[in-house]
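Subject: The structure I promised you

Hi,

Here is the structure I said I would pass on. Have it open while you read, and I'll walk you through what turned up.

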Amino acid sequence: MKTYTITDKFAASMSIICLLHCMFIPSFLIVSSGTLSVTIDNEFVHFAILYTALPVSIYALLSGLKNHKDFLIFLIGITGLTILLITAYSEELFGYIYSIVFTFIGSVLVVSAHIRNYKMCKQLECDCHEVN
């Protein structure tokens, strides 16, 4: 499998991880009575996920655009990444609830773009899906 296939799957997975982290970590901390809250730096985790997914997503989206020329898929993915990036740096501005909402929207956009990117490449039988 070439890297285009792997990057789409990896980037979509990172967006799903980001979404799950934002939705379930607060519940986990409440259930654990805050015991682990001192060991988990929530902001570090946000930025670690974001800055791992960002270059991989951009690479996968650009590679897909080069192969199948569907600018809408690229635009959807970049819009989702932009929402995630803005939300990560403005959490205090939006508040906790809106940050989760914007993270959800951004993640869904990124995941859907990578799924569409992957399907489009498979449909067009791009060389990015050949086995070496």
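Before anything else, a word on "helix": here a helix is a DSSP run of H or I that covers at least four residues, and helices are numbered from the N terminus. With that in hand, you can find Phe 10 in helix α1, which spans residues 3-31. Please keep in mind that this is a predicted model.

**The overall picture**

The protein chain has five helices and zero strands. Reading from the N terminus, the order is simply α-α-α-α-α. Of the 132 residues in the chain, 40% are buried. The chain exposes about 7600 Å², and 73% of that comes from carbon and sulfur atoms. If you take the contacts between residues at least 6 apart in sequence, 75% of them join residues at least 24 apart.

Mean pLDDT for the protein chain is 76, with 72% of residues at 70 or more. Which elements sit at the two ends of the confidence range? The lowest mean pLDDT belongs to α1, at 64, and the highest to helix α3 (residues 71-89), at 93. Where pLDDT is low, the predicted coordinates should not be read in detail. Keep that in mind for the next part.

Phe 10 has a relative accessible area of 34%, so it counts as partly exposed. Setting aside residues up to four places away in sequence, Phe 10 touches Thr 52 and Val 56. Phe 10 and Thr 52 are 42 residues apart along the chain, yet their C-alpha atoms are separated by 9.8 Å.

Now look from the other side. Thr 52 lies in helix α2 and is partly exposed too, because its relative accessible area is 33%. Again leaving out residues up to four places away, Thr 52 touches Phe 10 and Met 14. From C-alpha to C-alpha, Thr 52 and Met 14 are 7.8 Å apart, although 38 residues separate them in sequence.

**Aromatic rings**

How many aromatic pairs does a search of the whole structure find? The search finds four. One of them joins Phe 47 and Tyr 51, and this pair is stacked, with 6.2 Å centre to centre and 15° between the planes. Both residues belong to helix α2 (residues 42-68), where they are four residues apart, so about one helical turn separates them. Phe 47 is partly exposed because its relative accessibility is 22%; Tyr 51, at 39%, is partly exposed as well. Ring pairs also bring in Tyr 89, which makes a cluster of Phe 47, Tyr 51 and Tyr 89.

**The nonpolar core**

The largest nonpolar core has 13 residues, and the ones that touch the most other members are Leu 61, Ile 73, Leu 81 and Ala 113. Helices α2, α3 and α5 (96-124) each give two or more residues to this core. The biggest share comes from α3, with six residues. Ala 113 shows how the pieces meet: apart from neighbours within four places in sequence, Ala 113 is in contact with Leu 61, Ile 73, Ile 76 and Gly 77.

**Along α5**

Helix α5 has 29 residues and reaches 42 Å from its first C-alpha to its last, close to the 42 Å expected at 1.5 Å a residue. Its buried residues include Ser 99, Thr 103, Gly 106, Ala 113, Asn 117, Met 120 and Cys 121. Some of these names come back in a moment.

**The end of α2 and what follows**

Beyond its neighbours within four places in sequence, His 68 is in contact with Ile 73, Asn 117, Met 120, Cys 121 and Leu 124.

Lys 69 sits in the loop between α2 and α3. With a relative accessible area of 61%, Lys 69 counts as exposed. Most residues other than glycine have a negative phi. Lys 69 is not a glycine, but it has a positive phi of about 60°.

Have a look around and tell me what you make of it.

Cheers

Definitions and conventions:
Residues numbered from 1 in each chain as written. Predicted model: local features only at pLDDT ≥ 70, side-chain atom pairs only at ≥ 80, totals over all residues. Heavy atoms only, no water. Phe/Tyr/Trp six-rings, centres within 6.5 Å; stacked < 30°, edge-to-face > 60°. Buried < 20%, exposed > 50% of the residue type's maximum accessible area, 1.4 Å probe, protein only. Contact = heavy atoms within 4.5 Å. Areas by Shrake-Rupley, 256 points an atom, 1.4 Å probe, with all protein chains shown as cover. pLDDT = per-residue confidence, 0-100. Core = buried A, V, L, I, M, F, W, Y, C linked by side-chain atoms within 4.5 Å. Expected span 1.5 Å × (residues − 1).
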